[in-house]
Amino acid sequence: MFKRNKSLEHKRELLFPGVPQSTMKNNMRNFHSLSQLVLSAGPLKPTPAVKHSKAIHFEIEILDAQTRNQICIVDKVSQTSTIHDVKRKFHKACPKWYPSRVGLQLECGGPFLKDYITIQTVAASSIVTLYFTDLGQQVSWTMVFLAEYSGPLLIYLLFYLRISYIYDVKESSRRLRHPVVHLACVCHCIHYIRYLLETLFVHKVSPGHTPLKNLIKGCAFYWGFTSWIICETGNHFINTILAHPSHTGNNACFPSPNYNPFTWMFFLVSCPNYTYEIGSWISFTVMTQTLPVGIFTFLMSIQMTLWAQKKHKIYLKKFNSYIHRKSAIIPFIL
């Protein structure tokens, strides 16, 4: 034991010549404490690297679809911006074209880009060229439907009340009229009041816009032909079912009848709302026995038959197992 201690002291003198033994012990003790502190702190954590994210922006060149001349350039468009955002910036550069009347295409003659499409989905490079088409004066779909249906309601009442500006003094002063005249007025008012209420509270009207000329054509048709009770009820219940969230959108299912007998028409046809609509106007034609109503019913039946056949083809592709034995609008016939 003595020899071992002596050999250790001899080694210390060789490693640290001239250093007192007490000082050397203190240094060793300090070194031991420092090593214990380092070990207790654990491994060194690397300094997190600073991420420098670079936002991608696009430059939108807008050309006239007819002349191919450049109208303006919309810059600093982010990749998450939509076509609607581009239209708003285009409106700031060219105030005479508000967003709803701006039509943008990737190529001349191609389809107009939807407002919800993002720029990054159509951009092949940082510079995107779009072609502009002026869609003309635009109105909302809700405004179109309200104008189409309120006109016939008011115009019919003018004739029913026999205003002196329309009829002569003798005719406007008549108070005794056939009961069918009053019944026809009630049925007509119920029909268009139902349309107005369903437009406001039942139907999911598209948030988009349509050219002003469509409003004029629709009003001319409905208002011009203005100068049916079971079918009206059935039509309302069918529209209520069609407005259900499960029957709209990409994941829609085919409407099915419920406990309401008016919905059982779904067993026979794929578009019972048009079936009830035609039935209403046929009943109204028989009741009034007037030529304008008959012509209106005939033209309306043709139009609704075309709509029903188009929808029936779509239903056949999506719900073939449900409607392969159904008719489009008239049970067992059409």
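This is a predicted model: local features need pLDDT of at least 70, side-chain atom pairs count only at pLDDT 80 or more; totals for chains, interfaces and linings use all residues.
1. Aromatic pairs. The structure contains eleven aromatic pairs. In one of them, the ring centres of Tyr149 and Tyr192 lie 6.5 Å apart with the planes at 45 degrees, so this pair is tilted. Tyr149 belongs to helix 4 (residues 141–160) and Tyr192 to helix 6 (residues 179–201); the two are 43 residues apart, and the pair links distant parts of the chain. Both Tyr149 and Tyr192 are buried.

2. An edge-to-face pair. For Trp281 and Phe296 the ring centres are 4.5 Å apart and the planes stand at 65 degrees; the pair counts as edge-to-face because that angle is over 60 degrees. Trp281 sits in helix 9 (residues 272–288) and Phe296 in helix 10 (residues 291–318), 15 residues apart, and this pair also links distant parts of the chain.

3. Burial of the second pair. Trp281 has a relative accessible area of 4% and Phe296 one of 3%. Each residue is therefore buried, the cut-off being under 20%.

4. Aromatic cluster. Tyr149, Tyr192, Trp281 and Phe296 are among the members of one aromatic cluster.

5. Largest cavity. The volume of the largest cavity is about 40 Å³. Its lining is made up of Leu242, Ser270, Cys271, Asn273, Lys311 and Tyr315. Sorted by class, three of the lining residues are nonpolar, two are polar and one is charged.

Conventions:
Residues are numbered from 1 along each chain as its sequence is written. Side-chain values use heavy atoms; hydrogens and water are left out. On a 1 Å grid over the protein atoms alone, a cavity is a set of points where a 1.4 Å probe fits but cannot get out, and a pocket is an open set with protein on both sides within 12 Å along at least five of seven lines; lining residues have an atom within 4 Å of a point. Grid points are joined across faces, edges and corners, and a volume is the space filled by probe spheres set on the points. Ala, Val, Leu, Ile, Met, Phe, Trp, Tyr, Cys and Pro count as nonpolar, Asp, Glu, Lys and Arg as charged, and the others, Gly among them, as polar. Rings of Phe, Tyr and Trp (its six-membered ring) pair if their centres lie within 6.5 Å; planes under 30 degrees apart count as stacked, over 60 as edge-to-face and the rest as tilted. Helices (H or I, at least four residues) and strands (E, at least two) are DSSP runs, numbered from the N terminus. Buried means under 20% relative accessible area, exposed over 50%, partly exposed in between (1.4 Å probe, protein chains only).
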